[in-house]
Amino acid sequence: MTLSERIRLRRLQRGLSQENMADLLHLSTTAYGDIERGKTDLTLSRLSQIAAVFDLSPAALLTDEEPLTPAEAVPLSDPSHELETLRLTVEKQQLELEKLRLETDYWKRRYEDRIAFELARALGQEPVRERIGF
């Protein structure tokens, strides 16, 4: 069994979709699909991330040492699984929101600085420029 087949089998046993895995690994769904199809060579860090999602060591994914049993499977209707998926979705949205807030603050400062500069110029005053340390 190839590494990509073992990853796919683990994902299915955990009841995760490719989209869920892509979100957990901060990848596009296409990029994650390429991993499962064996089109992408995995780096050690990416292999470690995938193994962490399955609570395994990278070595367990690379070898067939650890048998894949149905007892390890998480049923799709498991409430803890659904809660974990929901928690991860909320965390992702919170990170996106924080990123947007920081970007908005940056552009707001740039806009305010530009307005102050143009206002000073329109009033015939020499705008105060910040020294940059040369």
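Predicted model: local features only at pLDDT ≥ 70, side-chain atom pairs only at ≥ 80, totals over all residues.
**Note on salt bridges and loop residues**

1. The side chains of arginine 114 and glutamate 118 meet in a salt bridge, at 2.7 Å from N to O. The term salt bridge denotes a side-chain nitrogen of Lys or Arg within 4 Å of a carboxyl oxygen of Asp or Glu. Both arginine 114 and glutamate 118 belong to helix H6, where they are four residues apart, about one turn of the helix. Helices (H or I, at least four residues) and strands (E, at least two) are DSSP runs, numbered from the N terminus. Glutamate 118 is partly exposed, because its relative accessible area is 24%. Here buried means under 20% relative accessible area, exposed means over 50%, and partly exposed lies in between (1.4 Å probe, protein chains only).

2. Residues are numbered from 1 along each chain as its sequence is written, and side-chain values use heavy atoms, with hydrogens and water left out.

3. By the salt-bridge rule, the count comes to 10 salt bridges. One of them joins arginine 87 to glutamate 91, with the closest N and O atoms 2.2 Å apart. These two residues both lie in helix H6 (residues 79-122), at a separation of four residues, about one turn of the helix. Arginine 87 is partly exposed at a relative accessible area of 36%, and glutamate 91 is partly exposed at 34% relative accessibility.

4. A further salt bridge links the side chains of arginine 101 and glutamate 98, at 2.6 Å from N to O. Both residues are in helix H6, three residues apart, about one turn of the helix. Arginine 101 counts as partly exposed because its relative accessible area is 40%; for glutamate 98, also partly exposed, the value is 36%.

5. Histidine 26 has a positive phi of about 60 degrees, although it is not a glycine. Histidine 26 is placed in the loop between helix H2 (18-24) and helix H3 (29-36). With 67% relative accessibility, histidine 26 counts as exposed.

6. Aspartate 55 is not a glycine, yet it has a positive phi of about 55 degrees. The place of aspartate 55 is the loop that runs between helix H4 (44-53) and helix H5 (58-62). Aspartate 55 counts as exposed because its relative accessibility is 65%.
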